[in-house]
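This briefing reviews one structure by topic. Please consult the sequence and the coordinates alongside the text.

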Amino acid sequence: MKTPADVREAILSIPGVVTVYAARPLLRAMVGDVAAGLAPGGVEEPADVEIKRRADSTHVLVRIGSDSAFASTAVARAVAAVVRAELAAEAHPVSVNVEVSSVRYAS
Amino acid sequence: MAMNGTNDTPGAADADCGHSIEELQEYLETGESPASAHIDTCPECQSGLAALRRLRALTGDLISADVEEAEKEELPWLDGLMNNLRLETRAGRRIPLSTEDELDSLFITEGAVTALVRAVGDTMEGVLIGKCRIQGDVDAVGSEITLDIEIAAFFGYPLLPMAEELRREVRGVLALQTELLVGDINIRIVKIHEHEIQQGGSS
């Protein structure tokens, strides 16, 4: 079974993808605070790519930064396709939510 | 071709990160912040930092000159610019992108788009973006919008060709990066800086 780290690596290999951001930044920040202040080493941080496996479906949430030389729609579609390919062995349909959160501008 | 409708998609991302432009400014000045780990990996914070860096590079000399000449502590044009940056350094609305699979939901954030417009303008000679607003409903693919941009121009640059070039560049970038139907791009020149500076650095 593919892990979020596996999927993240595959996404980063797509032309036009500059970075992968935390899918749940607020959650990550809160968990980070808890881990640092209350339970050092005892809390697992959420992965950058979120994969939610439910009884009848799998949902994936990805936030990326892209390069302005590439069209956002094409990059986002490529990300969705790569995620689906990575999770092809899942037993249920996979829905992919891709957000382009930043576009690096190269003039 | 599937279309995205709303932001109520399962797994929709969290809202804005909650860090202020003041925190980013302090981080830029000191290189330290309790939230540095977050700032280094947050798209909105990174956009804000990039805008602040460009602003600092462009305005350092202007601020000195304004203070020397006017002998006043308040710089209304800079305050206004910072207020706009404060509003724009957010993820904002999610602008849908068309998909090939009906199970997918693809978006670009409003914050990513406005940061891109700022980057386009701020790297043009003679221009400093003061404000950028997307007006109109962006909830469906192909929505028609209007863009309102306010700029400060530097003395010596012909204003109309400059505005035309900015309009053309922005329209091109939006055509590539969004599927919005871009109507008018209104450019308002709100200030002309009389002091000569070198774009992207100090004079």
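How many helices and strands make up the secondary structure of chain B? Chain B has six helices and five strands, where helices (H or I, at least four residues) and strands (E, at least two) are DSSP runs numbered from the N terminus. The model is predicted: local features need pLDDT of at least 70 and side-chain atom pairs count only at pLDDT 80 or more, while totals for chains, interfaces and linings use all residues. Residues are numbered from 1 along each chain as its sequence is written, chains are lettered from A and ligands numbered from 1 in the order in which they are written, and side-chain values use heavy atoms, with hydrogens and water left out.

**Chain B**
- The order of elements along the sequence of chain B is α-α-α-α-β-β-α-β-β-α-β.
- Of its 203 residues, 49% count as buried (under 20% relative accessible area, with exposed over 50% and partly exposed in between; 1.4 Å probe, protein chains only).
- Taking contacts (heavy atoms within 4.5 Å) in chain B between residues at least 6 apart in sequence, 65% join residues at least 24 apart.

**B:His38**
- B:His38 lies in helix α2 (residues 36–39) of chain B.
- Its relative accessibility is 14%, so B:His38 counts as buried.
- Apart from neighbours within four places in sequence, B:His38 contacts B:Cys17, B:His19 and B:Cys45.

**Helix α1 of chain A**
- In helix α1 (residues 4–12) of chain A, the buried residues are A:Val7, A:Ala10 and A:Ile11.
- These cover an arc of only 100° around the axis, which puts them on the same side of α1(A); the arc is that of the directions from the helix axis to the C-beta atoms.
- The buried residues of α1(A) pack against β1 (17–21), β2 (50–53), β3 (58–67) and α3 (72–86) of chain A.

**Interface between chains A and B**
- The contact involves 34 residues from chain A and 37 residues from chain B.
- About 2,800 Å² is buried between chain A and chain B, 53% of it on carbon and sulfur atoms; buried area is the accessible area (1.4 Å probe) that two parts lose on being put together, summed over both.
- In chain A, A:Arg77, A:Asn97 and A:Tyr105 lose the most area to chain B, together 22% of what that side buries.
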